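Have the model open as you read.

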Amino acid sequence: MISVEDHAERVRKLVEPVLTRLRSGEDAEQPALDDALGRVLARDVLSPVDLPLFRNSQMDGYAVGSADVATLPVTLPVVGELAAGGTATPAFVPGTALRVMTGAPVPPGADVVVPVEETDTLEWPERGLTGQSVTIHRAGPSGRYVRERGSDLRTGELLAPAGVRLAPRHLGALAAAGVRSVPVRRRLRVAVLTTGAELIGAGDGRADDAPAAGKIFDANLTSLVAAVHECGAEVVLAERSGDDTAEFAGLLARATSAADLVLTSGGISRGAYEVVRETTEPLGGSIVHVGMQPGRPQATALVDGVPVLSFPGNPVSTQVSFLVFLRPLLREAAGLPALQPVTGALTTAVESPEGKRQFLRGILSPDGTVTTVAGPSSHLVAAMARANALIEIPTQTTSLAAGANVRVWIL
Ligand SMILES: Nc1nc2c(c(=O)[nH]1)N[C@H]1C(S)=C(S)[C@@H](COP(=O)(O)OP(=O)(O)OC[C@H]3O[C@@H](n4cnc5c(N)ncnc54)[C@H](O)[C@@H]3O)O[C@H]1N2
Ligand code: MOO
């Protein structure tokens with residue numbers, strides 16, 4: 001029996017070369033900005049322009065020279081208008097004012113914008129210049145309400161760094177700089193294979209949708225595919241295999257030729273129909289027993305240079321194995337923050353087998369208490385759905401009283 005940490009380290013070592021290749025950006029893609037949400041930048045993106053692009057007004061008001069508003073109040077002739085998007089920018093003449101809109105270019109020489117509220121302008125005139133003069137009651141120092149070119153970021157400065165997961169705020173800045181597409185890391189390509197002669201898909205049952213005797217609906221193909229997607233990776237193949245080794249070997253060969261990483265479920269314990277074990281062990285794969293519950297049997301292999309990670313088939317075992325061993329690695333590769341456990345206080349006493357780290361399903365409440373959901377058995381797939389957290393009971397702990405603090409992983 002090996003520890004959770006030891007197996008996590010084996011998994012990390014197995015998957016690390018693939019993640020290193022992705023991080024290197026050597027096979028980066030270049031999606032349009034609109035398709036880049038959630039992707040991870042492969043390289044630094046430097047700004048191709050100054051931001052703001054040009055000197056412009058922060059307020060609707062009047063662009064004036066600070067020397068002309070040193071003594072207040074002052075009345076100045078209004079000799080022109082600056083509108084946002086306007087192509088003709090009238091030159092500034094000292095001793096005059098230009099009516100200006102927020103975002104309109106402010107010409108050299110005009111170094112203060114006086115908001116309309118700080119003047120005698122009671123009604124903002126119609127479009128086009130109609131006012132003849134303005135009396136200014138208040139004005140700030142040089143630069144007030146003038147947004148200088150490049151004051152946010154200069155050409156060549158870092159707009160978004162390599163490794164960042166692109167969020168709306170990054171896309172907004174890139175769009176503002178006129179960037180149309182960005183280099184992003186290729187997504188990890190994952191193949192998901194479930195195994196078991198008993199498995200059928202919804203719709204593969206009888207016409208009345210009831211499975212034939214002995215058959216069950218495949219829960220793991222769906223939950224694993226979803227889990228992979230949730231971690232920002234791509235699923236390139238998702239198929240189930242019966243318990244025929246030739247069938248599974250064929251599927252595995254297709255998976256290793258299409259994917260960077262293969263996940264399997266089922267077929268690794270001690271029964272007579274363990275297709276994953278029978279196929280991967282002769283290829284140098286190893287099956288280990290990990291001191292955890294659920295998720296005791298785990299297997300790893302390198303097949304045709306592709307890491308193959310095999311989880312036990314019980315639906316909760318599969319999901320917990322993914323969460324414990326693979327989710328941290330996939331999240332890191334996708335630029336997602338590492339998840340940290342919180343502390344919860346048990347509402348009831350719990351028992352735990354000696355020598356196993358137990359992950360009980362629980363409901364964490366806003367008051368910080370946590371209540372177990374159903375029992376520890378790994379077939380309780382519906383109870384897993386009712387839970388919102390995993391309660392971690394340490395390896396050496398065999399019982400905890402109500403009120404005891406435990407580590408809780410929010411699902
Ligand atoms: N003699 C022993 N028997 C078992 C041991 C053991 O140490 N000695 N370990 C038990 C534990 S713990 C687990 S976990 C399971 C793991 O078995 P496998 O990984 O070989 O999984 P299967 O036997 O194929 O399936 C187990 C169980 O889960 C159901 N299953 C499988 N795949 C799916 C799926 N895709 N969707 C829904 N349900 C699935 C399957 O029907 C079985 O009921 O072994 C124990 N046995
Ligand atoms: O290890 Mo199994 O996953 O406990 O049921």
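The shell around ligand 2 splits into two nonpolar, five polar and one charged residue. Keep in mind that this is a predicted model.

**Around ligand 2**
- The residues surrounding ligand 2 are Gln 293, Pro 294, Gly 295, Arg 296, Pro 297, Asn 314, Ser 317 and Ser 378.
- Ser 378 puts a polar side-chain atom 2.4 Å from an oxygen atom of ligand 2.
- A polar backbone atom of Gly 295 sits 2.6 Å from an oxygen atom of ligand 2, and a backbone N or O atom of Arg 296 is also 2.6 Å from an oxygen atom of that ligand.

**Ser 378 itself**
- You'll find Ser 378 in the loop between β22 (369-372) and α7 (381-386).
- Ser 378 counts as buried because its relative accessible area is 16%, under the 20% cut-off.
- Its side chain makes a polar contact with the side chain of Asn 314, at 3.2 Å.
- Leaving out residues up to four places away in sequence, Ser 378 touches Pro 294, Asn 314, Pro 315, Val 316, Ser 317 and Arg 361.

**Around ligand 1**
- Ligand 1 has 23 residues around it, and Glu 198, Asp 218, Ala 219, Ile 268 and Arg 296 come nearest.
- By class, that shell holds eight nonpolar, 10 polar and five charged residues.
- A polar side-chain atom of Ser 269 is 2.9 Å from an oxygen atom of ligand 1, while backbone N or O atoms lie 3.1 Å away for Gly 267 and 3.2 Å away for Asn 314.
- The protein covers 69% of the 860 Å² of accessible area that ligand 1 has on its own.
- β10 (189-195), β12 (216-217) and α6 (315-333) are the elements giving two or more residues to the shell around ligand 1.

Technical notes. Residues numbered from 1 in each chain as written. Chains lettered and ligands numbered in written order. Predicted model: local features only at pLDDT ≥ 70, side-chain atom pairs only at ≥ 80, totals over all residues. Heavy atoms only, no water. Helix = DSSP H or I, 4+ residues; strand = E, 2+ residues; numbered from the N terminus. Buried < 20%, exposed > 50% of the residue type's maximum accessible area, 1.4 Å probe, protein only. Polar contact = N/O pair within 3.5 Å; in protein donor to acceptor, adjacent residues only side chain to side chain. Contact = heavy atoms within 4.5 Å. Near = heavy atom within 4 Å. Nonpolar A, V, L, I, M, F, W, Y, C, P; charged D, E, K, R; others polar. Areas by Shrake-Rupley, 256 points an atom, 1.4 Å probe, with all protein chains shown as cover.
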